[in-house]
There are 2 protein chains.
Amino acid sequence: MGGLLRGEVEPGSWLRQDDLAGQLGVSKIPVREALQRLAGLGLLRFESNRGVVLPELSAAEAEENYALRRGIEPQMLERALPRLSIVDFAEAELALEADGLSLTEANWAFHRALYRSSGWERGLSMAEILHVAVAPYVVLYTEYLGGGTDSDAEHAALLEACRRGDTEAASALLLGHLDHAQQALVGFLEAKES
Amino acid sequence: MGGLLRGEVEPGSWLRQDDLAGQLGVSKIPVREALQRLAGLGLLRFESNRGVVLPELSAAEAEENYALRRGIEPQMLERALPRLSIVDFAEAELALEADGLSLTEANWAFHRALYRSSGWERGLSMAEILHVAVAPYVVLYTEYLGGGTDSDAEHAALLEACRRGDTEAASALLLGHLDHAQQALVGFLEAKES
DNA sequence: AATCAAATAATCATATACGATCTTGTCCAT
DNA sequence: ATGGACAAGATCGTATATGATTATTTGATT
């Protein structure tokens, strides 16, 4: 299941309930319930009498994804900024070093560390969904095409602005970061679609 | 299940699986799966070995709710505005008359009509969740305390701005509408909490 | 009368079983 | 060879049944 956040499940692939049940050593019932939860999150789709599929993401949907992130993440950051603790900074720092974490896991761990003190449970959950939804494509984009190296620099700059308590700068850096990531991924997907 | 959108289920109440199964004439398995989907949407909470409960909403969570709506709904409205068709206007108009619809159902039907042409499936689903989450309290607030009469006027003004194709005005009216609704509901909840 | 313990009842969570639906392979006709 | 009808296999969706956990009642003791 964590494979979803790691972007390891290929979009368009079918999740066989008996297989998952076997791997986990349980019956299909709890497996199906977990899959329904993920379907509620919008990460999977049930197709009647055919099973569960990981939906593919169009360029337009990726664009929507980042637009929604721009709508909610800066609010969370601004709200969290004055309350950020040394623990939050340490967690963000650790995510930048990214030991033992996949690229997409580290990505979300970094952002979450900066947002968590906002106290917005629903916003955090929505942001996580948006991160997970693009994970397989971010993996594709960065690992196969060598993109995303400037993402690290942007993360570092954002963290630094947060350390200074500079709300204006941090908010602007986050928006720019999201713009860049959107541009890269949407471009990648548009090329792939044509 | 639609009872959730109508705000008819009391927050804090437990949803008995056998009862629901009996009402629907099915076994508990599909009922539990549907509840898991709603739990994935964040509308219900499973408590281990105790069942499913409709969570209560704090004033802080209501504040978050409206902040998230301000983050995503204006984007959807601006994107949908140039593509709004006569069908969308008719649907919004019908929702204002609200025949056969509960207050909260009509509310969401109106907003959805104005957002749908944005083509943002995920954004629509997120907005709907945010609407449903406050539904029981909006019902409480309006039916028991006679509030929300200015909401109708704001809806009408917003629809008129959309008809004129005035993006600026529509966006501003929507933000103001959300601010008013937030103020009213958060105030109500804060009074209730103390 | 109040309190605690144990028994009873209610409810949950999941394994098993089975009919329904979809997929795949085979065979025949063209 | 190609296409279509049929059969065999795989997979899904849910009813039933059962052990586990929690809630409620009962009854004894102080």
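A salt bridge is a contact in which a side-chain nitrogen of Lys or Arg lies within 4 Å of a carboxyl oxygen of Asp or Glu. In the predicted model described here, the side chains of A:Arg116 and A:Glu91 form such a contact, with a distance of 2.4 Å from N to O. This pair connects distant parts of the chain, 25 residues apart. A:Arg116 belongs to the loop between helix H6 (103-115) and helix H7 (121-145) of chain A, whereas A:Glu91 belongs to helix H5 (residues 86-97) of chain A. Side chains of opposite charge can pair when their charged atoms come close. Over all chains, the structure holds 24 salt bridges.

The overall architecture of chain A was examined next. Nine helices and three strands make up the secondary structure of chain A. Read from the N terminus, the elements of chain A follow the order α-β-α-α-β-β-α-α-α-α-α-α. The radius of gyration of chain A is 18 Å, close to the 16 Å given by the globule rule for 194 residues, and chain A is therefore as compact as a globular protein of that length. The C-alpha trace of chain A spans about 55 × 40 × 30 Å along its principal axes.

The strands of chain A form an open sheet of three strands in the order E1-E3-E2, with antiparallel pairing. Strand E1 (14-15) and strand E2 (45-47) of chain A stand at the edges; each has a single partner strand, so one side of each is left without a neighbour in the sheet. Three bridges pair E2(A) with strand E3 (residues 51-53) of chain A in the antiparallel sense. A:Glu47 is placed opposite A:Gly51 in E3(A).

In chain B, an open sheet of three strands likewise has the order E1-E3-E2 and antiparallel pairing. Its edges are strand E1 (14-15) and strand E2 (45-47) of chain B, and because each has a single partner strand, one side of each lacks a neighbour in the sheet. E1(B) and strand E3 (residues 51-53) of chain B run antiparallel and are joined by two bridges. B:Leu15 is found opposite B:Val52 in E3(B).

Charge at the surface was also considered. A patch of negative charge on the surface gathers A:Glu61, A:Glu63, A:Glu190, A:Glu193 and B:Glu121. Helix H4 (59-80) and helix H9 (167-193) of chain A each contribute at least two residues to this negative patch. Among the members of the patch, A:Glu193 lies in helix H9 of chain A.

Key. Residues are numbered from 1 along each chain as its sequence is written. Chains are lettered from A and ligands numbered from 1 in the order in which they are written. This is a predicted model: local features need pLDDT of at least 70, side-chain atom pairs count only at pLDDT 80 or more; totals for chains, interfaces and linings use all residues. Side-chain values use heavy atoms; hydrogens and water are left out. Patches are made of residues with over 30% relative accessible area and no salt bridge: like charges are joined within 9 Å, nonpolar side chains (Val, Leu, Ile, Met, Phe, Trp, Tyr) within 5 Å. Accessible areas come from the Shrake-Rupley method with a 1.4 Å probe; for residues, only the protein chains shown count as cover. Lys and Arg count as positive and Asp and Glu as negative; His and the chain ends are not counted. The place of a charge is taken as NZ of Lys, CZ of Arg, CG of Asp or CD of Glu. Helices (H or I, at least four residues) and strands (E, at least two) are DSSP runs, numbered from the N terminus. Two strands pair if DSSP finds at least two bridges between them. The radius of gyration is taken over C-alpha atoms; the globule rule is 2.2 Å times the number of residues to the power 0.38.
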